[in-house]
Amino acid sequence: MNKRICVISGSPRKEGNSDTLCDEFQKGCQQAGHQVVKICLREKEIHFCNACYACKKTGVCVQQDDVFEILQEMAAADVIVLATPVYFYSMAGQVKTLIDRCLASGAKLAGKEFYFIATAAAEKNEMERTIDALRGFTDCLPGSKVCGVIYGAGAWQLGDIKGNPAMQEAYQMGKSIC
């Protein structure tokens, strides 16, 4: 069965290391016949959550930015991929800001399959705090399941991920979604 997959790239750099892994994951998904939408957060206007909780009453955030469109894509997807570079042992701010804005759509994201992609100059074990934070998000979504994690270790400068085993892993993981 073909699935709808939403790949969210938190890379601030076009063709950055985590963005490049998103592209490989997407290629694998498309090779397997899945429909893929890729969202680059660097191209979107995303405001911080202001904790007004109007969304708890209406189901929609009152802020006028690109988050509504992003959340619609996430809600329509069977699979959501969250990709981030690791900064100071945590996710990029734009990814965290998007996660915070998911408050209004938590019910629509429940039961989804998730994959995480992280890149860092550090090694895999030093990226676990970032992955734990991403898991904290999915732990708040009943029935959601983390199906895979790709660690792009040793990738700091632009292009460092090329030739890294994570490239093949991203492609294969995308291709293996069923």
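1. The model is predicted, and local features need pLDDT of at least 70, side-chain atom pairs count only at pLDDT 80 or more, while totals for chains, interfaces and linings use all residues. Residues are numbered from 1 along each chain as its sequence is written, and side-chain values use heavy atoms, with hydrogens and water left out.

2. Two aromatic pairs are counted, where rings of Phe, Tyr and Trp (its six-membered ring) pair if their centres lie within 6.5 Å, with planes under 30 degrees apart called stacked, over 60 edge-to-face and the rest tilted. One of them joins Phe114 and Phe137 edge-to-face, with 6.0 Å from centre to centre and 85° between the planes. Phe114 belongs to strand β5 (residues 113-120) and Phe137 to helix α6 (residues 128-139), so this pair ties together parts that are 23 residues apart in sequence; helices (H or I, at least four residues) and strands (E, at least two) are DSSP runs, numbered from the N terminus.

3. Both Phe114 and Phe137 are buried, a word that stands for under 20% relative accessible area, as against exposed for over 50% and partly exposed in between (1.4 Å probe, protein chains only).

4. Arg129 lies over the face of Tyr89, 4.6 Å from the ring centre, the rule being that NZ of Lys or CZ of Arg is within 6 Å of the ring centre and within 35 degrees of the ring normal.

5. The count of disulfides (pairs of cysteine sulfur atoms within 2.5 Å) is zero. For Cys6, the nearest cysteine sulfur is that of Cys102, 10 Å away, and Cys6 is buried at a relative accessible area of 1%. For Cys55, the nearest cysteine sulfur is that of Cys61, 6.3 Å away, and Cys55 is also buried, at 12% relative accessibility.
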